[in-house]
Structures are given as structure tokens and as C-alpha cells.
Amino acid sequence: MNQTPVNTEALHSDLRLKHLTLKYFFAFFSGISLFLFSISLPIYLHYVQGIEDQLIAQEETSVVAARQMIQREMYEQLHIFDMVVKSNILNAYINDNSLENQLRLEDFFKSISTSFHRFDQIRLLDNTGKEAIRVNLVKGEGVLVAADELQNKADRYYFKSVQQMPAGQIYVSPMDLNIENDVIELPHKPTLRISTRLYNEQGEAAGVFVINYLAKGMLERFRHLMTQRTNQQGMLLDSQGYWLSNHVRSNEWGADLGKPDHKFASFYPKAWPSIKANSSGILEIDSGIFRYKAIEPLNYLEDQPAHFRLEHHPTITKESFANTSWKLVIFIPREKINQRTFLYQPFGRALTALILVLVAVLSFFGASFLVQQKNAAQKEKQTRLILEKQANIDALTGINNRRSFYELAEKELKQAKRKNTPLAVLMLDADHFKKVNDTYGHAIGDLVLKYLANSIKTTLRDVDLSGRVGGEEFAVLLPQTPLQEALEIAERLRKALEACQVPLPEGDSISFTVSIGLAMLTIQEEQFDQLMNKADLALYQAKSQGRNRVEQAV
Ligand SMILES: Nc1nc2c(ncn2[C@@H]2O[C@H](COP(=O)(O)OP(=O)(O)OP(=O)(O)O)[C@@H](O)[C@H]2O)c(=O)[nH]1
């Protein structure tokens, strides 16, 4: 079976080129990509920052609207409360708690309850904390609680907190879920208690006035404002970081419902200290950006809208400000920001992929071009080396030709002269070579010359130089070799050549001899030619004295 011969060298070279192309491709691709990346990264980060700023700016409307809504709501409750405290009906009762005054006050409480629809309880407690009058909001109606159902509230904070309070001051409690008979009322009733100590005309303490404000409406409006936004994560926190309003309802009222982990600090432990400590700001974390602002619902004296500018403001205790120190927190998740960025848009992704493909294509062509250039340069160098070698080597014998031998020998001669070291040259000539040609043919003559050259090479030392200087003439240069040693080498060479057997095609073999002329470099020779002439003369001597011998130049 015929098998196609496999050119392993070509295969090897092909593989090497492919490997090199791949190496350059990766170098180009990673280099260009890294370059593009390092240029575009700061620009891209700046661009993302711009998107973040834009998103935060969009939130400002919601922040201002929510803050104003809560402040206005609280402002209204406090003024209704103040109006009742200052009313003639209430003052008539605390100065004279006659039945008539009591009935008028009860009616007044009922009509306030029914009209405003937001006060879960309106109460008057006596100085011992016992409820004197209580009106509950039941299904939208103010309903008077029967005398035998009235309770003592002396131990409740809204009573205790106002005990030392001077006239005209108002206490506002923290917001919590209303508890009735020790159980949290369902559905939940987020409640703020507003109370004040009453004084009669003689300046004597005359009980405590309390209203339970139902904050559900306010919280629902807050939730509505937050859900109007594209990103619905808007929350209201109390001073402890518990949620009064959260987009996930089950997270609300953690403290009241016995779920202490359901607070902001547990969900965002890194963000909370900074949000708690500052009244307003922007905070970036891995998962997104917070925009937060203190709400301070009672602080409508500062930053107030036009319609808040009234001459009269109720005086609110310091404790009340602390109780209602709330924070509005808006969260913009990272995905929302990312979704707006160029790289997340299909066009952006497609363009990035296209650029990468272009870089890959460019890198491939660049790498191929470079490898081709390199390969061509290498081939050219190889060809040049081969040609150079061919120009210096004798085609038949594979040793230095005359020109190359003379060139190298000239250098050796100069070095020997400079270093003052001995230098010997041998001229060899095959004996009766014409006869070899004539007897066996020119081809066998060539074969003999090949054997002759090869024997010279194998007999000599590495430092020695040999060359074919004529048809059947050879020369040998022996650097750093004194006369005696040169004679020994010449003799050894002669014997080696004499012993050499050249096989003939028919099976026989022939041998041959050489005559050798030896010359030593002296101060007289300046050029190698001169030394060669001396050796040539010695060779002539050897020929004329019978051949197959070594003669030394005189
Ligand atoms: N085959 C072959 N013969 C060559 C080559 N170069 C020279 N010759 C032959 O070498 C022979 C040299 O002959 P001569 O100069 O007469 O000397 P010789 O026969 O060797 O005799 P002596 O040198 O006197 O011993 C000639 O016949 C050349 O043709 C070559 O490259 N190949």
C-alpha cells in the first residue's frame, strides 16, 4: 500500500507558526482590550455617577412632598388639640364641673370626634389619672363611654409625662400600635397620644387632656407617595430604626410586635449608624443608594411652607421632639441604576460585543501579519546563511573552498603574528591522481577526493583548519603548533590517508597516497600567500623525492 510521506518538519513549522500567531493574538487582544478598558473606565464611572445623581435628584420631589405632608398633618392635629384646650367649653368645665358644663363638654368631644374622624379617643383625666370624660371613635362616630367603664390611667406615660408640665405646653408621644386590654388592637391602630396639663383660673391643676391621634391615614398617604415612585422602596423609621412604614408590610412595627430583628439596623447594619447620626444625606452601599432625611414632624417652625406661617404656635416639650424624630429613607437598588446604564441596554451590550469582536479580528490580522513578517525575515536569514555557507564550502568535499580557507587562514596568520604563536601550514596533493581518473573514471576520482577530505577532517584537531585549494590539492592550517608537533601531525595525516580505503561499486576498494609540504610561519611572511608558496615548494620537494612523504620547507 502506498503511503504519503509525512513531512514532519513542515508540520512542525506550521504548528510553530500557529502557536506564535495564537500567542501574538492573545497579546494584542489583551493589550488593546486593557488599553480600551483603562480609557473607558473613568469615563464610564463618571457616566454612572451622572445616572446616580439624576436618580437621586428625581427622588427629591418625593422627599419634599413626604416631609411636607407629615409636617402639615401634625401641624393640623396640634392646632385642633390647642383649639380644644383653649375652648370656652373645656375651660368652663375645669372651673366649674357642673353637670351642665360636663354635658356640654361631652357633646363637644363627640362632635370633634365625629367631624375630624381621626381621634380614636378624646379624654379628660382628673388629677388622679382617672378618666372623667371619654369619647371613643366607633365606626366613624364619637361615642361617649359610660361612667362605669371609665378607667384609671395614672400609670400611663401620657399622664405621667405631663405631671410637672407648666400650662400651655403640649406632650406628643412616640407612635405605636394601640393596645386595648393589654392586647394590640386589630386591625393595627398606629397611634400618637397628645396630652397637656390643664389649669383652672386659680392656677390649680385641673386634670389632663389627652387625644389619641390615629396616624393610619398619614401613613397610608406616605405609602401612597412612596409607591408613586418608579422604585417603591421608600420607608419611614422611628428614632430606633423600626419601620413605621415599609414597602414590605411584614417588616413594620418590629418593636411593638415583638420582632426586635425587624429593624433597619438588622437589614443594613453598615448603613444605619450613618443614617441615624446625620439629619440628611446620601449613602452608597454595595446593593444600592440611600437618600435619607430627618422628618421632625413637629418642627414646622423651620423649613415651613407658606401656609404654616402663623403668629401662634403651640409650645411642644423637648421630649416630644425626641419621640417623633423620624427618618424618611429612600432606597435605590443597584439593579435600578444598572438598568439605566449603557452596558445594560441591548444596544450597549451589542456595541460592546461588536467592539470586542472588532478588537479580536484586528488582533488576529495583526498577529498573522506580524508572524508572516517574522517568518519571511527568518526564511530570508536562513537562505542568506545557506548561500553564505554555499559560497564558503566546496560542493564536492564539504570542506572550506579555497576563498574561504584563504580568508580564515589570513585571520589566523594575523593572530599568530600578534600573539607571537607558532603557525604551521600543510599542502597536500594526491599522488598520481590522473591515473586514478584514467583507470577508474572521473566519478571514482571524485569519490577519492571526498574520502580524502573526510579523512583530513577526522584526523585533525578542532582548532585546525582545512580547505580544498585546487583540483586534487588540499591545505591544512595548524594554529599554535610548533614545528615538531606539526611534523608529527603531517606524518599522522599522511599515514591515515594511506590507510584509507575507497570502496568501488564492484566491491573492490582502492587506496591512495598524498605528498605533503610543510611550512612554518616566520617573521618574513606578512601574507598567507607567501606562507602557502613556501609550503608549495616543500610539496614540490616531496613529489620530486618519491611522493607519499612529508617535506619541510627550508
Ligand atoms: N576526478 C577528479 N579529478 C580531478 C579533479 N580536479 C583535478 N583532477 C584531476 O587531477 C589530475 C591531476 O593530475 P596531475 O596534475 O597531472 O598530477 P598527478 O596525476 O596527480 O600526478 P602528481 O601530482 O605528479 O603525483 C588531473 O587529471 C585532473 O583532471 C576533480 O575535481 N575530480
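**Ground rules.** I took two strands as paired if DSSP finds at least two bridges between them. Helices (H or I, at least four residues) and strands (E, at least two) are DSSP runs, numbered from the N terminus. The model is predicted, so I kept local features to pLDDT of at least 70 and side-chain atom pairs to pLDDT 80 or more, while totals for chains, interfaces and linings use all residues. Residues are numbered from 1 along each chain as its sequence is written.

**Strands 21 and 22.** I looked up the partner of I516 in strand 22 first. The bridge partner is V550. Strand 21 (residues 514-520) and strand 22 run parallel, joined by three bridges.

I traced an open sheet of five strands, in the order 17-18-16-21-22, with mixed pairing. Strand 17 (465-468) and strand 22 (550-552) are the edges, and each pairs on one side only. Neighbouring strands are turned by 20° against each other on average, direction ignored. Axes here are lines fitted to C-alpha atoms, for helices over the stretch in contact, and angles run from 0 to 180 degrees between N-to-C directions.

**Helices on the sheet.** I counted two residues as in contact if their C-beta atoms, placed from the backbone, lie within 7 Å. Helix 11 (residues 402-419) packs on the sheet and touches strand 16 (423-430), strand 17 and strand 18 (473-479). The direction of helix 11 makes about 150° with that of strand 17. Helix 15 (residues 528-544) lies across strand 16, strand 18, strand 21 and strand 22. Its angle to strand 21 is about 140°.

**Helix 13.** I checked the length of helix 13 (residues 442-459). The expected span is 1.5 Å times one less than the number of residues. For 18 residues that gives 26 Å, and the end C-alpha atoms are 26 Å apart, so the two agree. Next came burial. A residue is buried if 20 or more other C-beta atoms lie within 10 Å of its own, exposed if 12 or fewer, and partly exposed in between; C-beta atoms are placed from the backbone. In helix 13 the buried residues are G445, V448, L449, Y451, L452, A453 and I456. They pack against strand 16, helix 12 (433-440), strand 17, strand 18, helix 14 (483-499) and strand 19 (501-503). I noted the helix rule beside this: an α-helix has 3.6 residues a turn, so residues three or four places apart point the same way.

**Helix 1.** I ran the same length check on helix 1 (residues 8-85). Its 78 residues should span 116 Å, and the end C-alpha atoms are 108 Å apart, which agrees. I found a kink of about 35° at S40, shortly before the proline P42. The bend at a residue is the angle between axes fitted to the seven residues ending there and the seven starting there. The buried residues of helix 1 include E59, V63, A66, I70 and Q71. Among what covers them are strand 4 (169-172), strand 8 (190-199), strand 9 (205-214) and helix 5 (216-227).

**Strand 4.** I followed strand 4 to its partners. Two bridges join it to strand 14 (residues 315-316), and the two run parallel. I170 has I316 as its bridge partner there. Strand 4 pairs with strand 8 in the antiparallel sense, over two bridges. Y171 bridges to S195 in strand 8.

**UniProt record.** The unreviewed entry in UniProt places "transmembrane region" at residues 24-45 and 350-371. UniProt positions are in the numbering used here, feature names are shortened, and annotations may be inferred rather than shown by experiment. I found residues 24-45 to be 100% helix, with end C-alpha atoms 31 Å apart. Residues 350-371 are also 100% helix, with end C-alpha atoms 31 Å apart.

Most residues other than glycine have a negative phi, and most peptide bonds are trans. I logged a cis peptide bond between L186 and P187, with omega about -15°. P187 sits in the loop between strand 7 (183-184) and strand 8. W253 has a positive phi, near 55°. Is W253 buried or exposed? It counts as buried, because 23 C-beta neighbours lie inside 10 Å. E296 has a positive phi too, near 40°. E296 counts as partly exposed, with 19 C-beta neighbours inside 10 Å.

**Totals.** Buried residues make up 31% of its 554 residues.
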